[in-house]
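Me: I'd like to learn how to read a structure like this one, feature by feature. Could you show me the model and take me through it?

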Protein chains: 2
Amino acid sequence: MTTTSQTTVHELVPRHREVLEAAVAAIGSREYYSRYPESPSPRVYGEEAAAAGEQAHRAHLGARYEALASQPASADWVGDEVSPYGPTLDIAYPHYAEGDLDALLADVRSGVDDWRDAGPRVRAAVCVEILDRINARSFEMAHAVMHTTGQPFVMAFQAAGPHAQDRALEAVAYALVEQERVPAEAVWEKPGKGEPLRMTKRFHVVPRGIGLVIGCNTFPTWNSYPGLFASLATGNAVVVKPHSRAVLPLAITVEVAREVLAEAGFDPNLAVLAAEADGEGLAKPLATHPAIGVVDYTGGPGFGTWLEQNVHQAVVYTEKAGLNTVLVDSTDDVEGLARNLAFSFTLYSGQMCTAPQNVYVPADGIDTDAGRLSFDEVAAKVADAVRALTGDDAKAVQLLGAAVNPDVVERADHAGSLGTEVLASRAVTHPDFPDATVRTPALVAVDASDEAYTSECFGPVAFLIRTSGTEESLKRFVETVREHGAMTASVYSTSEDVLAAAERASLDAGVALSMNLTQGVFVNQSAAFSDFHGTGANPAANATLTDGHYVSGRFRVVQSRRHT
Amino acid sequence: MTTTSQTTVHELVPRHREVLEAAVAAIGSREYYSRYPESPSPRVYGEEAAAAGEQAHRAHLGARYEALASQPASADWVGDEVSPYGPTLDIAYPHYAEGDLDALLADVRSGVDDWRDAGPRVRAAVCVEILDRINARSFEMAHAVMHTTGQPFVMAFQAAGPHAQDRALEAVAYALVEQERVPAEAVWEKPGKGEPLRMTKRFHVVPRGIGLVIGCNTFPTWNSYPGLFASLATGNAVVVKPHSRAVLPLAITVEVAREVLAEAGFDPNLAVLAAEADGEGLAKPLATHPAIGVVDYTGGPGFGTWLEQNVHQAVVYTEKAGLNTVLVDSTDDVEGLARNLAFSFTLYSGQMCTAPQNVYVPADGIDTDAGRLSFDEVAAKVADAVRALTGDDAKAVQLLGAAVNPDVVERADHAGSLGTEVLASRAVTHPDFPDATVRTPALVAVDASDEAYTSECFGPVAFLIRTSGTEESLKRFVETVREHGAMTASVYSTSEDVLAAAERASLDAGVALSMNLTQGVFVNQSAAFSDFHGTGANPAANATLTDGHYVSGRFRVVQSRRHT
């Protein structure tokens with residue numbers, strides 16, 4: 001490190017001490033905390049921010065991403081991104097073929113010893129600096145995420161910007177705590193007959209080496225940041241392998257990381273982007289490469305399970321998918337219930353890994369504040385609420401976004417074949433993007449004995465499942481989630497006994513439970529610093545965002561000892 | 001739970017509060033701490049303890065282990081133990097064949113929900129009570145371990161008794177801290193334009209289910225206790241599958257665990273012994289059974305690697321083996337060096353997983369307090385020190401113990417075929433046990449280019465390896481340990497630069513390093529609460545005894561949330 005860059009590092013540690021203290025306190029209490037404001041208001045981000053962000057986004061289109069030209073030499077450039085809203089992005093990124101990986105990873109590895117020796121405090125401060133600068137580009141990021149994932153703009157701003165940044169900071173805080181739990185030095189003095197035996201011991205944090213982050217199409221930042229920043233903060237380099245249709249958000253991220261690392265006097269190749277063409281399959285040779293010590297994956301269960309079972313040289317964290325479940329037993333606010341569920345189905349067209357899919361309702365109806373309602377009446381209430389949210393095309397697209405791929409549209413359009421269609425999916429025309437494919441949620445009624453709802457139906461399709469009563473609902477809930485997994489569950493009941501039974505069932509199923517959500521919180525939402533996202537206790541994910549275990553496997557402690 | 005047993009539990013928590021506080025403080029500082037006195041002195045354990053322990057041991061011989069007859073119904077009884085000192089133990093234990101496992105594990109699982117709901121504090125107190133009662137049986141345990149492993153008596157007392165109990169307590173302390181890091185409840189209040197959004201969140205510790213502990217022949221308690229108690233303390237049941245030749249120590253352990261669990265009002269089947277016949281191979285179907293959520297293994301690298309790669313439904317912690325290494329560069333106490341190494345080679349005939357095997361010495365000799373010594377002179381010093389320790393048969397057996405199996409004897413007797421025999425292994429006659437096979441360490445000189453020392457040679461064989469100098473020693477050290485693993489390493493040098501280089505090399509190799517051990521600490525020794533045993537950073541082990549990561553994978557956190 002040069003003198004100049006050392007100065008920069010020394011500035012970063014005091015600059016970010018306070019935020020790290022607050023973040024560390026928050027993960028201890030799991031109470032509300034947020035560093036990055038979720039409001040895209042000009043009062044928060046500045047009068048010019050929105051326009052500047054859009055301008056920055058436009059500058060990326062139809063061009064090479066030159067800010068990454070400083071990465072290790074690549075054979076060529078690659079880019080297949082097409083906006084779910086229509087336009088082709090036509091951006092090219094540095095491309096490494098399978099044969100280039102040995103050389104690439106050797107370059108990535110070469111800065112790790114300096115990064116390791118810098119220690120947890122410096123690394124945490126560098127990570128916060130990266131996040132602060134990513135935060136300053138939140139409008140640009142919102143456009144990038146909107147046009148790669150199909151998220152509506154405001155959601156893209158919040159979920160892919162401040163919310164993702166907060167979740168990253170949460171991971172940085174866990175990494176700091178986890179590394180500093182082990183003292184750097186200890187004096188061991190064993191009493192004996194004569195002089196005590198006395199040794200000084202030093203404990204060194206040693207990273208696994210290189211963390212591979214495999215991004216997904218729908219949440220390229222929110223789902224990648226915890227692993228990316230946890231690996232970086234624990235002394236690893238990171239190789240970010242984005243989904244071929246959602247590269248830009250992670251290119252911006254890696255660009256900022258490289259910029260800050262270099263300014264702080266570290267090797268910028270501690271963070272590189274490894275983009276690939278559609279269907280190239282670079283993740284397998286990367287994940288099984290001997291230089292890779294950590295793998296973070298978000299995506300389909302097939303490849304996630306393959307990684308869990310076949311990657312032996314690295315620790316593997318996965319988030320896959322499952323059958324998110326709602327148990328309806330009774331309610332004192334049936335309109336609130338219907339509105340809340342409708343919003344959860346509608347937001348981003350049900351393409352969130354946390355969106356509910358399976359709604360168990362007793363066949364003989366439920367008690368509500370509007371009296372006893374039959375199964376069909378409950379279904380009608382929910383359908384009406386979806387219609388109310390999505391009836392106006394211009395407003396609907398602000399919630400629905402666009403379908404991320406044709407399979408989603410296919411499932412929406414053919415939902416009727418899966419059961420009795422209570423509400424058909426409707427094609428919505430986007431006023432600004434006529435080429436976008438947008439669908440409203442379909443609601444399908446089925447019997448508990450049907451098979452249709454026991455596999456994931458990714459997209460705007462929800463099942464209303466007739467059970468013999470809440471007892472069967474709970475039983476089916478536990479069975480299906482144990483077998484197929486779930487990221488979320490929720491229950492509606494006016495009975496404390498039923499709520500307690502549902503809570504016990506959620507422990508058996510190993511899935512987080514929300515109770516009686518009728519107001520401004522939705523089951524899809526997972527708040528950084530407070531809500532654990534995923535449990536690792538069912539097949540939907542083998543890890544939690546974020547707890548100590550998610551971080552502690554990314555490094556090891558190596559000690560030395562000597563008489564003193 | 002009955003009223004009586006609840007009282008018992010309520011007594012245990014205050015009774016063990018203080019020790020848990022001290023143990024938690026010790027794992028935070030990694031300074032010296034011990035609860036269980038290592039001295040077998042009558043002043044510590046009582047005048048009658050030694051005789052009573054021997055008496056209790058004799059009572060086990062030639063009989064069914066009736067104290068475990070209360071385990072779930074088993075098809076028959078099994079037992080193949082033969083003391084390495086000669087006598088057949090002729091003890092029979094409940095036996096479950098592969099076809100019995102579904103029923104056995106269902107019985108084991110049935111008490112887990114109550115155990116989960118009891119919470120971390122109660123479980124920790126129950127675990128300490130188990131350990132205290134095991135401690136009271138330390139003399140009985142010493143005989144059991146001596147006559148299953150071949151350890152000499154005093155070592156068996158210390159390593160399998162108080163040292164193992166301390167390592168177990170360390171794991172219980174980590175389990176307590178790890179579970180209590182997550183608050184049981186949090187109030188989340190998100191500020192907004194109107195009333196804040198307010199939710200109460202509850203966080204539940206949920207165990208994986210059942211932990212399987214696969215014991216080894218040489219250290220049935222020391223190596224099994226951390227996993228056993230970490231699993232139990234985090235809410236899991238445990239199935240203990242001992243090595244077929246070292247059942248008794250774990251039978252005693254399980255007996256005490258069941259006794260305390262039952263008294264505290266829990267299902268005694270939360271801890272069961274699953275003994276097997278020689279070569280039966282019960283570990284595979286157990287480890288891959290869907291009911292098993294955690295596997296702890298100590299033993300050979302072959303099966304350890306198989307477990308790591310083939311057990312997908314459980315988290316797997318392994319300690320295997322490797323090439324423990326000594327780097328000799330220079331010394332200001334060559335007699336101390338020779339004595340220290342000789343002791344490490346001699347203790348339990350080199351059958352410790354921490355015993356050094358590979359000693360790198362520059363071919364052109366080293367600087368010492370006795371002047372420049374050639375390679376051969378260094379070798380002769382070490383050989384003399386081994387002779388001094390082992391020259392008298394009656395004294396030698398107190399250090400050497402007995403060979404645990406014929407392969408160890410075979411390797412000792414044929415060490416000369418691996419290189420130039422500096423010191424041949426010698427057969428020692430045990431004055432009390434004429435049938436015991438006892439061998440002194442062999443020292444074999446080889447060139448760095450030889451292959452012989454690059455695989456594990458378990459038993460009393462050490463290699464003195466001629467290198468072109470310390471630079472090559474360090475390079476070979478890093479290369480061989482990265483490839484084959486190591487549990488320990490040590491270095492001798494009078495140069496701070498060389499010590500620093502060795503410390504950096506130990507980080508690259510991922511192995512703990514001891515420096516200039518010439519006094520009363522030996523590289524074989526790993527002190528509970530202070531020394532991390534294994535790093536998980538090289539192939540010898542994927543885990544550390546004990547750190548947070550070793551414990552946190554044994555449970556998950558499942559949350560619930562509701563508006564309040």
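This is a predicted model: local features need pLDDT of at least 70, side-chain atom pairs count only at pLDDT 80 or more; totals for chains, interfaces and linings use all residues.

Me: Okay, then is B:Ser473 buried or exposed?

Reply: B:Ser473 has a relative accessible area of 2%, so it counts as buried. It sits in helix H18 (residues 470–484) of chain B. Apart from neighbours within four places in sequence, B:Ser473 is in contact with B:Leu327, B:Tyr360 and B:Thr467.

Me: Which residues is A:Thr325 in contact with, beyond its sequence neighbours?

Reply: First place it: A:Thr325 belongs to strand E10 (residues 325–328) of chain A. With a relative accessible area of 1%, A:Thr325 is buried. Outside the four places on either side in sequence, its contacts are A:Asn358, A:Tyr360, A:Phe477, A:Val481, A:Thr488, A:Ala489 and A:Ser490.

Me: How do I read a helix for burial?

Reply: The general idea is that an α-helix has 3.6 residues a turn, so residues three or four places apart point the same way. Now try helix H8 (residues 153–160) of chain B, whose buried residues are B:Met155, B:Ala156, B:Phe157, B:Ala159 and B:Ala160. That buried set packs against helix H3 (42–45), helix H7 (138–149) and helix H9 (162–180) of chain B.

Me: And a strand? Which way do the residues of E5(B) point?

Reply: With a strand, check the side each residue points to, then check the cover. In E5(B), B:Ile210, B:Leu212 and B:Ile214 point one way, while B:Gly211 and B:Val213 point the other way. Strand E5 (residues 210–214) of chain B is mostly covered, with five of its five residues buried.

Me: Which strands does E5(B) pair with?

Reply: One partner is strand E6 (residues 237–241) of chain B, which runs parallel to E5(B) and is joined to it by five bridges. B:Val213, for instance, has B:Val240 as its bridge partner in E6(B). Another partner is strand E8 (residues 292–298) of chain B, again parallel and again over five bridges. There, B:Ile210 stands opposite B:Ile292.

Me: What kind of unit do E5(B), H10 and E6(B) make?

Reply: They make a right-handed β-α-β unit, and its helix is H10 (residues 225–233) of chain B.

Me: What should I look for in the backbone angles?

Reply: Look for exceptions: most residues other than glycine have a negative phi, and most peptide bonds are trans. Here, A:Asp90 is a non-glycine residue with a positive phi, near 55°. A:Asp90 lies in the loop between strand E1 (76–78) and strand E2 (93–95) of chain A. B:Tyr348 isn't a glycine either, and its phi is about 50°. You'll find B:Tyr348 in the loop between helix H14 (334–346) and strand E11 (358–362) of chain B. At 0% relative accessibility, B:Tyr348 is buried.

Me: Where is there a cis peptide bond?

Reply: In chain A, one joins A:Leu545 and A:Thr546, with omega about -15°. A:Thr546 is in the loop between strand E20 (513–515) and helix H20 (548–552) of chain A. In chain B, the bond from B:Leu545 to B:Thr546 is cis, with omega near -15°.

Methods
Residues are numbered from 1 along each chain as its sequence is written. Chains are lettered from A and ligands numbered from 1 in the order in which they are written. Side-chain values use heavy atoms; hydrogens and water are left out. Buried means under 20% relative accessible area, exposed over 50%, partly exposed in between (1.4 Å probe, protein chains only). Helices (H or I, at least four residues) and strands (E, at least two) are DSSP runs, numbered from the N terminus. Two strands pair if DSSP finds at least two bridges between them. A crossover is right-handed if, with the strands pointing away from the viewer, the path from the first strand over the helix to the second runs clockwise. Contact means heavy atoms within 4.5 Å.
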